[in-house]
Amino acid sequence: MTASSARPAAPPESEESAEADRLRDLLRTPGYRKVLFFSSLIGIPVSLAAFWFLAALHEAEHALWADLPKAWGWATPPAWWPLPLLAVAGAVVGLVVARLPGAGGHVPASGLHPGGASAAALPGVVVAAAASLPFGAVLGPEAPLIALGGGLALLFRRLVRAPATPQSTALLGAAGAAAAIAAIFGNPLVAAVLLIEVAGVGGPRLFVILLPALLSSGIGGIVFTGFGRWTGLETAGLSVRFPTAPPRLDTGDVVWSMVLAVGIGALVHLMIIGGRLAAVFVAAAPLVRTLLCAVGAGGCAALYTVVTGRSPVEVASSGQAALTQLAADPHAWSVGALLAVLLFKSVAYALCLGSLRGGLVFPVLFLGAAVGVLLAPLPGLGVIPGASAGMAAAATAALRLPVSSVALVVLMLGNSETIPVVILAAVTAFATSELLPRGPAAAPRPPEKTADGAA
């Protein structure tokens, strides 16, 4: 027996103490304190840049899809309207991918990435997002914002000639991305949790620990809430009560939300695989095939209008406005309209995931809510619990980030009563999507060698 094998293993208390000592030593390091100070400074210009970027995208989208059709005499865009707009988007993004450094950012079908764009890649990221999002890409703005925020942070570091190290590059990129992403989600907590999960802090061990914890907390919430409602008894607890009347969960809500999450998890997983297949298709000839996929997405929006008589904007674009309308008046959507928007928007989403530039979150939030509203007439399932579970399941299946998805949906809903079904739906969808075959990987762009110290 060697001396090393005979040495007793350190107790857990010693390991925790060593981790705490390492954290204290890191905080005492002048370089790390400089990074913290610089992060506090760059948050201001990055947030302002993110705000104006989002404002410009919103104004451009409103001009293209509302002001211009009205100026030409249409109350809503005609069925053919998405075709030329998405053709422009496909042509511009194809040129950016083929000609500019950084290829306009990462392919959406490959998921969110924590790294920011280099200074050389920033123009391509901005142009690709500006061509994709206002012109009707079925994508959200979060991925370009992460790249923009991280890239601006590294650019500011170069401007002040701060020393570049791999550690500072990663930390500043994450800080800049968090400042930018908080602008779109409207909450710094979601941005922080999202980047923790995107960066893979803790690796697979993080999910091994978090999934049982999320599941048990959701069940615990149901037990305490359920017993309090069923028996009329109250238990002391730390809570803040709002004057609104949230929906009361019952057995049907809980059971159907988990069944619904399995189906949504599988459906969104198929969309992501479709996006990866589209990315492989586009990689062989970006100029032509990006245009083809974009026009295909426009065709989906046009067919939706022909079939339903509703606006093509409900299929094209991110779905943020459509989600607001769906939540405000879910009964205004017939069963046929919900089925049609689910079919056409899912196909358009997959095509855009592999060809244009943007994020995964906003369209799947709408799709998940639409499934929840469609299935709300099931016995025991309400509209709000169904839509809540649907959004959580769809976001988790697309991002593979259960904690971030729960935090995002809970903060969007603004009530605590639906938290248990949100958690259960997120965990169920995560397990479902992870157990299904992963499919092909999206074709990656070649790594970029820059002066920022990042590939």
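Before you select anything, one term: two residues are in contact, or touch, when they have heavy atoms within 4.5 Å of each other. You are looking at a predicted model, where local features need pLDDT of at least 70 and side-chain atom pairs count only at pLDDT 80 or more, while totals for chains, interfaces and linings use all residues. Residues are numbered from 1 along each chain as its sequence is written, and side-chain values use heavy atoms, with hydrogens and water left out.

**Stop 1: the whole chain.** Switch to cartoon view. The chain has 17 helices and 0 strands (DSSP runs, H or I of at least four residues for helices and E of at least two for strands, numbered from the N terminus). Of its 455 residues, 48% count as buried; buried means under 20% relative accessible area, exposed over 50%, and partly exposed in between, with a 1.4 Å probe and protein chains only.

Stop 2: Select Leu145. Which residues does leucine 145 touch, not counting those up to four places away in sequence? They are Ala50, Phe53, Leu54, Ala180, Ile181 and Ile184.

**Stop 3: a buried aspartate.** Go to Asp253 in helix α10, residues 251–283. Is aspartate 253 buried or exposed? Aspartate 253 counts as buried because its relative accessible area is 3%. Leaving out residues up to four places away in sequence, Asp253 touches Arg248, Gly380, Leu381, Gly382, Pro385 and Val421.

**Stop 4: helix α4.** Find Leu83 in helix α4, residues 82–99. With a relative accessible area of 31%, leucine 83 is partly exposed.

**Stop 5: confidence.** Color by pLDDT, the predictor's confidence in each residue, from 0 to 100. The chain's mean is 78, and 69% of its residues reach 70 or more. Select residues 1–7: pLDDT is below 50 there, and beyond near neighbours in sequence this stretch has 1 contact in the model. Over residues 224–244 pLDDT is also below 50, with 11 contacts beyond near neighbours in sequence. Where pLDDT is low, the predicted coordinates should not be read in detail.
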